Amino acid sequence: MKKKVLFISSTGGHLSELLMLEPMFKKYDFHIITEKDKSTTFLEKKYKDKVGYMIYGTKDHPLTYPFKLLGNCFKSIYYYFKIKPEFIVTTGVHTAGPICCLGKMLGSRIIYIETFANIHSKTATGRLIYHFADLFVVQWQSMLKIYPKATYGGWIY
């Protein structure tokens with residue numbers, strides 16, 4: 001029986017990085033979760049019932065962001081118990097935080113890949129997940145100075 005793996009990220013560059021792992025999808029009973037917006041509708045056609053969506057929202061909208069984050073916390077609970085992943089693989093950002101925290105508490109292994117875009121600074125989600133990830137991967141050797149317990153994995157592209 002194939003291991004259950006949840007691949008989760010926000011839209012945009014984080015999702016582009018996550019989809020670079022597509023060759024791995026066939027090896028696992030996988031599921032993809034990202035934010036729902038115009039740029040992610042192709043996922044339903046390509047992956048059918050293997051896709052789930054969080055509420056789209058960024059910190060650029062400080063009045064609505066806390067409510068969207070709270071909504072995504074509840075959606076994380078729903079998806080976690082629906083999928084029951086053994087592993088959670090993420091390239092971040094805020095969409096992934098709640099489900100990674102929940103997964104860690106309930107026994108999932110967490111694999112975090114810090115974004116390619118950061119060469120010299122931490123992301124907010126990276127700062128949080130670094131402390132409990134089972135595998136924390138950076139794409140730049142310079143990031144090992146910032147995350148000394150990380151693994152250098154090279155570029156995902």
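Predicted model: local features only at pLDDT ≥ 70, side-chain atom pairs only at ≥ 80, totals over all residues.

How many bridges join β1 to β4, and do these strands run parallel or antiparallel? Five bridges join β1 to β4, and the two strands run parallel. Residues are numbered from 1 along each chain as its sequence is written, and side-chain values use heavy atoms, with hydrogens and water left out.

Let me place that pair in the sheet. Seven strands form an open sheet in the order β3-β2-β1-β4-β5-β6-β7, with parallel pairing. The edge strands, each pairing on one side only, are β3 and β7. Strands here are DSSP runs of E with at least two residues, helices are runs of H or I with at least four residues, and both are numbered from the N terminus. Two strands count as paired if DSSP finds at least two bridges between them.

Helix α4 touches β1, β2 (29-35), β3 and β4, and its direction makes about 160° with that of β3. Helix α5 touches β1, β2, β4 and β5, with its direction at about 155° to that of β4. Contact means heavy atoms within 4.5 Å. The axes are lines fitted to C-alpha atoms, for helices over the stretch in contact, and the angles run from 0 to 180 degrees between N-to-C directions.

I turn to the interior. In soluble globular proteins, nonpolar side chains tend to be buried together. A nonpolar core is taken here as a set of buried Ala, Val, Leu, Ile, Met, Phe, Trp, Tyr and Cys residues joined through side-chain atoms within 4.5 Å. Buried means under 20% relative accessible area, exposed means over 50%, and partly exposed lies in between, for a 1.4 Å probe and protein chains only.

Which residues touch the most other members of the largest nonpolar core? They are Ile8, Ile33 and Phe136, in a core of 23 residues. At least two residues of this core come from each of β1 (4-9), α4 (65-83), α5 (97-105), β5 (109-113) and β6 (135-138). Apart from this core lies another, of 17 residues, including Val5, Phe7, Ile32 and Val137. Returning to Ile33, and leaving aside neighbours within four places in sequence, its contacts include Leu6, Ile8, Met54, Tyr79 and Ile99.

Next, the aromatic rings. Rings of Phe, Tyr and Trp (its six-membered ring) pair if their centres lie within 6.5 Å; planes under 30 degrees apart count as stacked, over 60 as edge-to-face and the rest as tilted. By this rule there are 14 aromatic pairs. One of them joins Phe116 and Trp155, whose centres are 5.1 Å apart and whose planes meet at 85°, so the pair is edge-to-face. Phe116 lies in the loop between β5 and α6 and Trp155 in the segment after β7 (151-152), so this pair ties together parts that are 39 residues apart in sequence. Phe136 and Tyr147 form a tilted pair, 4.5 Å centre to centre with 50° between the planes. Phe136 is buried, with a relative accessible area of 4%, and Tyr147 is buried at 0%.

Finally, the backbone. Most residues other than glycine have a negative phi, and most peptide bonds are trans.

Lys48 counts as exposed because its relative accessibility is 59%, and Lys84 is exposed at 52%. Thank you for your attention.
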